[in-house]
Amino acid sequence: MQLAQQQCVAGARCVGGRAAAALPRLPRAACRGSVRSRVAAVDPPAVATDERGFALKADGSYDLSAAPPFSLSDIRNAIPAHCWVKDTKRSIAHLALDVGIVAGLAYAAFTVNAWWAWPLYWVAQGTMFWALFVVGHDCGHQSFSNNRDLNDLVGNIAHASILVPYHGWRVSHRKHHGNHGHVENDESWHPTTKSQIDEMEPMGRLGRLKFPWPLFAFPFYLWARSPGKQGSHYDPGCDLFQPSERRMVLTSDAFMLGMLGVLAACTAKLGVVAMFNLYFVPYWVNVMWLDIVTYLHHHGSDNPGEKMPWYRGEEWSYLRGGLTTLDRDYGIFNKIHHDIGTHVVHHLFPQIPHYHLEAATEAAKGVMGPYYREPAKSPGPLPTHLWAPLVRSFNNDHYVPDSGDIVFYERDARV
């Protein structure tokens, strides 16, 4: 066969019959077969695309698990220059408004102290605790200001106030952004594999996968991370952290201890019942907000027929992983929690301040094309439309196969 290939190539390069006669004449079929085998080994199968180069499935719909026909630079270049500018005064104003609302709500509820007022307070204050988390989140991305020391100070205070270790979480969240969409390397809400779910105890499957219990998972994630991961956000020796980050982790632990002291003092002064109402219940409302929003960033397309892809190996890239994130419309809460639902562009470019995310997204849509999944609009002030994709995903998205470089969630009947 090797001789046949050489002769075919040589024959193809001949211009006149004289050179061709220098080699023994081979059957034409032998030449055709050898050339065909070489072409088959080199040329990948053709992929159908539309006029813009976006890959199509056999049914004509877009294959959004395929590599996009644009680059990260193409998206970056489409975003206006002003969207990258951080305004420290504007960020501080947002923070001051949040803190003022938190203080005002607590004062009003404590003053009224009526059975009907407390449930309203719990929801409102829990939502504001979640807004404070988003401020600390932006500090971790250094999008609060251009001053790292200021960002870290504000982040430590904002996160400690709701019992989150700022630096420990910041580093793990950095890993999440750097590996978004990767089955094994992603850090939060990454998929459970088939072998992992098979090894889980029934209570583990319940806590990780059975709605609504995962909506209370965040404090446990901070303490022991996700299934398949080892260590704690509070432990500077955890493999999440570099030796150079040890002091930062311990600093955030100290802020946490300080906040626990404040809570203990307030409990001694105001009583257990008052602190249960003022802080404990809103804290868990905040946890539910955090788990719902972060889960919906990466699960539950508005299209019931769409499964979001997850990647391994050479199929994964920073761009492809980021394009699996989802924007959401949270109705009246969009501005309260600082546009955290505008998430696709944020995941690709986390240094953009939250008050520029909408403009940046509008500019980037034209580049992303079908890879940007337009969020379903809230039917009113309350985002009740998000209930369906949330529950549907928890009911069906349980694990991914142990192998394969492009995989999708499958359902486990045991959950």
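## Overall picture

In this predicted model, the protein exposes about 20400 Å², and carbon and sulfur atoms supply 63% of that surface. Of its 415 residues, 48% count as buried.

The secondary structure comprises 18 helices and two strands. When contacts with a separation of 6 or more are considered, residues 24 or more positions apart account for 70% of them.

## Salt bridges across the sequence

A search of the whole structure finds 17 salt bridges. One of them joins the side chains of Asp 198 and Arg 414, with an N to O distance of 2.7 Å. Because Asp 198 lies in helix α9 (residues 194-199) while Arg 414 belongs to the segment after β2 (406-407), this pair ties together parts that are 216 residues apart in sequence. Asp 198 is partly exposed, its relative accessible area being 37%, and Arg 414 is likewise partly exposed, at 44% relative accessibility.

## Lys 365 and its two partners

The side chain of Lys 365 meets that of Glu 362 in a salt bridge of 2.8 Å, N to O, and it also meets the side chain of Glu 374 in a salt bridge of 3.1 Å, N to O. Lys 365 and Glu 362 both lie in helix α17 (residues 357-368), where they are three residues apart, or about one turn of the helix.

## Ser 172 and the surrounding contacts

Ser 172 is placed in helix α8, which spans residues 166-178. With a relative accessible area of 1%, Ser 172 is under the 20% cut-off and therefore counts as buried. The side chain of Ser 172 is joined to that of His 233 by a polar contact of 2.9 Å.

If neighbours within four places in sequence are left aside, Ser 172 is in contact with Glu 187, Tyr 221, His 233 and Leu 240. One of these contact residues, Glu 187, also takes part in a network of salt bridges that links it with Lys 175, Arg 225 and Asp 239.

Terms used:
Residues are numbered from 1 along each chain as its sequence is written. This is a predicted model: local features need pLDDT of at least 70, side-chain atom pairs count only at pLDDT 80 or more; totals for chains, interfaces and linings use all residues. Side-chain values use heavy atoms; hydrogens and water are left out. A salt bridge is a side-chain nitrogen of Lys or Arg within 4 Å of a carboxyl oxygen of Asp or Glu. Helices (H or I, at least four residues) and strands (E, at least two) are DSSP runs, numbered from the N terminus. Buried means under 20% relative accessible area, exposed over 50%, partly exposed in between (1.4 Å probe, protein chains only). A polar contact is a pair of N or O atoms within 3.5 Å; within protein, one must be able to donate a hydrogen and the other to accept it, and residues adjacent in sequence count only if both atoms are side-chain atoms. Contact means heavy atoms within 4.5 Å. Accessible areas come from the Shrake-Rupley method with a 1.4 Å probe; for residues, only the protein chains shown count as cover.
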